Amino acid sequence: MRRASGALLPLLLLLVGHAGGHGPTKPAWPAGRVLLGTPDGSTLAPSAAALTRRGGQRVAVAVSRPRRAAAAGDLVALYPAGADPRAVVPITYANLSAADPRYASTGRGSVAFRVYSFRADLVFVLLTGGTFAPTVVATSARLRDALAAAPAQLHLAPAATPRGVVAQWVSGSGAPQALQWWPAAGGGASAGGDGGGVVTVGSSVRRYGADAMCGEPASSFGANVPAPWLHAALIADVPPGATLRYRVGSAKAGWSDVRAFTAAPAAADVAAGRATFTFLAFADVGQDNMVLFNDTCPPYCPGGWAWEGYGANSSKLAPRLAAEDAQLGLLVGDLAYANGVAAEWDYFGHQFDPAFSAWPLAVATGNHERDWPGTGDVLDGMPVRDGDSGGECNVPYTYRFYTPAWEESAGPHAHRGAAGAPRAAGPQPPAAPPAPPPAPAPRPWWWPAWLWRPAPAAAPPPAAAAASPLPRWPNPYRSYYAFARGGVAFLMLDSEAPSHPGSAQHEFAKRELAAVNRRETPWIVVALHRCMVCPTANPVNVANAARLQADWEELFLDAGVDLVLQGHDHAYARTCPWRRGACVGGAAAAAAAPPAAGGGLPVLAAGAAPVYVLAGHAGAGFTHAFPDPLPPWVAAGLQDRNGYLRVRVTGDRLTLVTVSTDDGAVMDGVTLIRAGGAQSPRREQ
């Protein structure tokens, strides 16, 4: 949606973090900050009466106000119908004068929003007095949500089983819906369908609300939209390399458009060079709404950042990811930067739906999902104690994004205010497809035409229904897990939880790494949000890096970990093979070699020590925390270029590049070669 201009763009007490990926320590919403004013004849006229377009609908709001009353700080804000603007922050808002320069002098103007379904009718509200002390002076007619029960925010995730995939989506209805899938023509073997027909899997349904949170704003004024019903369904056995088409929903709620994904190839085919396994990695994303409300800069200017467009860079990321031909994505912490404001998770889900439904996404928790005082995160023992999750304490992250950690945490859990027993609904009976078959969804007006991929063809008639055996009780305090795809063993760690030797997380990682068969799974990739090894001058990040190195370095060396992916600092950096503060052997010069003309990359032998890559440049505002000069073990560093990682594995090679979201160019990269076949050497003693 449109956002306020730089001159009037407020800075947050609520949402966005300060340097190093943190957030304000304890946000507050002062009582009486929003006032109810006296109607003065002002009107707001939305260009639509109902939300009917999936994927976002453009709604222009025409505003008329007596000229003598119009002011440069007047705002149009979006709220659920019936919400009290004194009690919750807006879903989004825009400054009228910034959107329409004629407004301040004439009292007439227009501002356009991209509006999604938030599972409720909506209203636009005219606020005067700026964001420091806004007063409500007019409210529009209701914008009816005709999509409230429809499936939305679809994404995939790798299941705990080697060939399983989980589909998840959001709805305003708790009635069970379904996942329908079928093999794509020519896309590989059938995954259980009857003669190529549709298999229907009923969804299980979960929900969380403000009472499940640990503190404000998540538990109070950040709960600005109705709590979602979260649906999940499992495809238990997808053959390696198979392409499946699928859709979700029901005859009553409506069906999503048809999507497709391709499973990772078999590990043996990758190792033999007969197939290539491609995965993407990125961290510190954000979304392009990023409500910044309730203060101005100055006086509140943490870290001296320029907050204009803090999350806007993520808008470049979404279409690039959706256009990638990949079989997996890793999002290494700090997803939506919701920081306790519920609608921000919805914006994130809508924005990345086209990408995250095209390949399974594995997530790791970050400080903006997890951290809150007194909830057991490791920062309770650190010199600086932040509340970067805005009171969420991992609840929205855990419920919205399935991970194999769900399988380790079945049964009631003890996080504060669990919203009753999330009920697991049974399978939906087979349902006839709509007639006529659903047409491919049109390209959203805001999506670049050159990156739009048309939806696949509609579904054939459905076959039998099946159950979706997923755990009912995901535990927000248990978020580390492991899985393998395409000859790569992935270990997703929680940098916010205790990880010292002897801790539950450390012992889990030790067991998982010891169990990897390096002949069958030659490569090991670890992901954790906070930087363990990266160039940073931020004292808090330096302290956390020392903690993580003490906890993990010896284990990673013993296990022959090849690659460690990190975030938190909003930049890109790549190290040489790193051991105890220095490059291993003569790797420094080779690691530092820039890409040659024609795309050549430096080549390193794998196995001596991990290469550490910081991938925090996906979208959130840059931190500019590098020391000057960079340490000698840093092979490449970029502080002001957005991008993501593309990793391709085939034969004895793993090639990593970072891709610019501005123009798609490769900005840096490296190739690791496994000498002597698949088996990885252990570290030098």
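Cys531 and Cys534 are both buried, where buried means under 20% relative accessible area, exposed over 50% and partly exposed in between (1.4 Å probe, protein chains only). The model here is a predicted one, in which local features need pLDDT of at least 70, side-chain atom pairs count only at pLDDT 80 or more, and totals for chains, interfaces and linings use all residues. Residues are numbered from 1 along each chain as its sequence is written, and side-chain values use heavy atoms, with hydrogens and water left out.

Back to that pair of cysteines. Cys531 and Cys534 are joined by a disulfide, with 2.3 Å from S to S; a disulfide here is a pair of cysteine sulfur atoms within 2.5 Å. The torsion about their S-S bond is about 120°, so this disulfide is right-handed. By the distance rule, the count comes to 3 disulfides.

Another of them links Cys214 and Cys393, whose sulfur atoms sit 2.0 Å apart. Here the torsion about the S-S bond is about 85°, so the link is right-handed. Cys214 lies in the loop between strand S15 (204–207) and strand S16 (229–235), while Cys393 lies in the loop between helix H7 (367–370) and helix H8 (395–400), so the pair ties together parts that are 179 residues apart in sequence. Helices (H or I, at least four residues) and strands (E, at least two) are DSSP runs, numbered from the N terminus. Both Cys214 and Cys393 are buried.

Then there is the disulfide of Cys576 and Cys583, with sulfur atoms 2.0 Å apart. With -100° about the S-S bond, this link is left-handed. Cys576 counts as buried because its relative accessibility is 1%.

Next comes a loop residue. Ala253 sits in the loop between strand S17 (243–250) and strand S18 (254–255), and counts as buried because its relative accessibility is 18%. Setting aside neighbours within four places in sequence, Ala253 is in contact (heavy atoms within 4.5 Å) with Arg54, Ala149, Ala150, Pro151 and Gln177. Ala175 is 78 residues away along the chain, yet the C-alpha atoms of Ala253 and Ala175 are separated by 9.1 Å.

Finally, a look at a pocket. The lining of the second largest pocket draws at least two residues each from strand S24 (481–485), strand S25 (488–492) and helix H9 (504–514). S24 gives the largest share, 5 residues.
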